[in-house]
Amino acid sequence: MAGSENQKFCLQEVLDSFQLCLSPNKEVYVEHYVAGWRGLVKFLNSLGSVFGFISKDAVSKIQILVNFLNSENGSQYATVQSMVKFELDNKLVDVDKKGICPESGCRTLLRLHRALRWLELFLECLRTSKEDDKTSVMCREAYNESLAQHHPWVVRKAAGMAFFALPGRPTFFEVMNVGPPEQVVAILGKAVPLISEVYLITEELYLKHNLLDLP
């Protein structure tokens, strides 16, 4: 029973992780980024199999980053900034698109980074939505504005079908596990800006080093 409880999503956990994500000088701690993502994966899984195509990929990417954190070079992966510097300095990133280093930390985090934008947009839509707004429309619009441009047509088609199967807004609010709707809205109001800040800092870093299109 305890095991299933541990798998239960709670929005507060995601908020806590992203609150710890930024250092005083705005570097992104990989350990807390990964913890935040673990919470988001629980969120996706709590809605059934519709988001399986994203959550499975996220789980494998999380594990790659954890392996880097636990490796002999783990200290170089403490922040996204130190990771980017270390991998670029040591030519561990496929910047020339030659098919080398397919599991570099930079490439792995980029995949999570793109998906984070989709979840940020979707959670913000949920926060500002009215009771009878369609979650399928919110989710599709967030996806089209973010992840869709990085997915092949087959995946976009499957995603579109999955969004139609989404439960209504009350179910989403229920799986947040933080209390009544107004409490969910309040915590989303704290969590989404944090997710957004982490996303923007990472986006600017990757843009500066020409890493946003890693194959």
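In which helix of the protein is confidence lowest, and in which is it highest? In this predicted model, the lowest mean pLDDT, 40, belongs to helix α1 (residues 2-6), whereas the highest, 97, belongs to helix α5 (residues 80-89).

**Confidence**
- The protein has a mean pLDDT of 90, with 97% of its residues at 70 or more.
- Residues 1-5 have pLDDT below 50, and this stretch makes zero contacts in the model beyond near neighbours in sequence.
- Where pLDDT is low, predicted coordinates should not be read in detail.

**Packing of α7 and α8**
- Helix α7 (residues 135-144) packs with helix α8 (residues 153-164) at an angle of about 160°, and the axes are 8 Å apart.
- Because angles over 145 degrees count as roughly antiparallel, α7 and α8 are described as roughly antiparallel to each other.
- The crossing of α7 past α8 is right-handed.
- On the α7 side, the contact is made by Ser136, Cys139, Arg140 and Tyr143; on the α8 side, it is made by Val155, Arg156, Ala159, Phe163 and Phe164.
- Sorted by class, this contact of α7 with α8 comprises six nonpolar residues, one polar residue and two charged residues.

**Aromatic pairs**
- Eight aromatic pairs are found in a search of the whole structure.
- Among them, Phe122 and Phe172 form an edge-to-face pair, with 5.3 Å from centre to centre and 85° between the planes.
- This pair links distant parts of the chain, since Phe122 lies in helix α6 (residues 105-128) and Phe172 in helix α9 (residues 169-175), 50 residues apart.

Note on methods:
Residues numbered from 1 in each chain as written. Predicted model: local features only at pLDDT ≥ 70, side-chain atom pairs only at ≥ 80, totals over all residues. Heavy atoms only, no water. Axes fitted to C-alpha atoms, helices over the stretch in contact; angles between N-to-C directions. Helix = DSSP H or I, 4+ residues; strand = E, 2+ residues; numbered from the N terminus. Parallel < 35°, antiparallel > 145°, perpendicular 65-115°, else oblique. Left-handed = near helix turned anticlockwise from the far one by under 90°. Contact = heavy atoms within 4.5 Å. Nonpolar A, V, L, I, M, F, W, Y, C, P; charged D, E, K, R; others polar. pLDDT = per-residue confidence, 0-100. Phe/Tyr/Trp six-rings, centres within 6.5 Å; stacked < 30°, edge-to-face > 60°.
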